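I opened my notebook to look up a few things in one structure. I wanted to begin with the overall plan and then turn to single residues and to the open spaces.

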Amino acid sequence: MDTKDLQKWQREKAKELFEYSHKLLDAAKKLSEHHIAEMEWGMKNALDSAKSAAKNDLSKLKDLQEEAAKEAAKRAASYQKKVKSVLKDISEGAADETEKHLEQVRSSLVSWLEDAENKMPAQADRLSKVVNEMSTTGQNMFKEGRKIVNQVAEAAENKIDDLVNKSSGGKK
């Protein structure tokens with residue numbers, strides 16, 4: 001990669017990082033909005049419970065608590081899905097960008113090796129094959145790692161869903 005190409009790539013990378021920082025800021029904003037909505041619901045619920053307790057209306061307090069427990073289970077599942085969606089968008093974007101840069105680095109390395117081959121032909125062919133295989137293996141490992149992370153996240157989500165379903169089913 002010559003100096004012009006390197007500078008162009010660095011400018012593109014800086015622009016992408018700037019755009020990605022805005023995506024992260026938007027994601028943080030969405031997460032904050034979801035969190036604030038849950039806090040407001042919790043405060044309203046606590047206020048209603050406090051009013052019932054102050055009036056010594058224990059039957060209404062018990063009803064409020066039961067209803068709040070059911071609603072909390074539903075809201076927890078909804079909140080989890082919203083947060084997962086935001087985080088999944090971020091992680092997929094980051095992985096896609098990383099993969100794109102890995103391919104660019106790999107092609108640069110191959111170009112460099114071809115140039116080196118022309119300058120020292122004796123052992124360059126072997127070196128070129130080794131480096132090419134290493135970069136291909138690294139790229140494949142990244143893709144497999146990404147697949148494994150997605151599978152683990154999906155399994156964790158299923159476990160959380162099961163727990164939420166069990167807790168809301170036990171309260172009915």
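The entries below go from the whole chain to its parts.

**Ground rules.** I noted that this is a predicted model, where local features need pLDDT of at least 70 and side-chain atom pairs count only at pLDDT 80 or more, while totals for chains, interfaces and linings use all residues. I also noted that residues are numbered from 1 along each chain as its sequence is written, and that side-chain values use heavy atoms, with hydrogens and water left out.

**The whole chain.** I looked up the elements and found 3 helices and 0 strands, which run α-α-α from the N terminus on. Helices (H or I, at least four residues) and strands (E, at least two) are DSSP runs, numbered from the N terminus. Of the 172 residues of the chain, I found that 16% count as buried, where buried means under 20% relative accessible area, exposed over 50%, and partly exposed in between (1.4 Å probe, protein chains only). I then looked at contacts (heavy atoms within 4.5 Å), and among those with a separation of 6 or more, 72% join residues 24 or more positions apart.

**Helix α1.** I followed α1 over residues 3–54, and its 52 residues reach 74 Å from the first C-alpha to the last. That is close to the 76 Å expected at 1.5 Å a residue, the expected span being 1.5 Å times one less than the number of residues. Which residues of α1 are buried? I listed W9, Y20, A27, N45, S49 and S52. Just after α1, I noted that N56 takes a positive phi of about 60 degrees.

**S49.** I picked S49, which has its place in helix α1, and it counts as buried because its relative accessibility is 16%. Leaving aside its neighbours within four places in sequence, S49 is in contact with L61 and L64.

**The largest pocket.** I wrote down how a pocket is found: on a 1 Å grid over the protein atoms alone, it is an open set of points where a 1.4 Å probe fits, with protein on both sides within 12 Å along at least five of seven lines, and lining residues have an atom within 4 Å of a point. About 390 Å³ of space lies in the largest pocket, and of the 14 residues that line it, the closest to its centre are K88, S91, V149, N150 and A153. I saw that α2 (58–119) and α3 (121–171) each supply at least two residues of this lining, and that the largest share, 8 residues, comes from α3.

**E92 and N150.** I looked up E92, found in helix α2, and it counts as partly exposed because its relative accessibility is 32%. E92 and N150 are 58 residues apart in sequence, yet 9.5 Å apart in space, C-alpha to C-alpha.

**The second largest pocket.** About 170 Å³ of space lies in the second largest pocket, a volume being the space filled by probe spheres set on the points, which are joined across faces, edges and corners. I listed its lining as W9, K13, E16, L17, Y20, A94, E97, T98 and H101. Which helix gives the most to this lining? I found that α1 does, with 5 residues, and that α1 and α2 each supply at least two.
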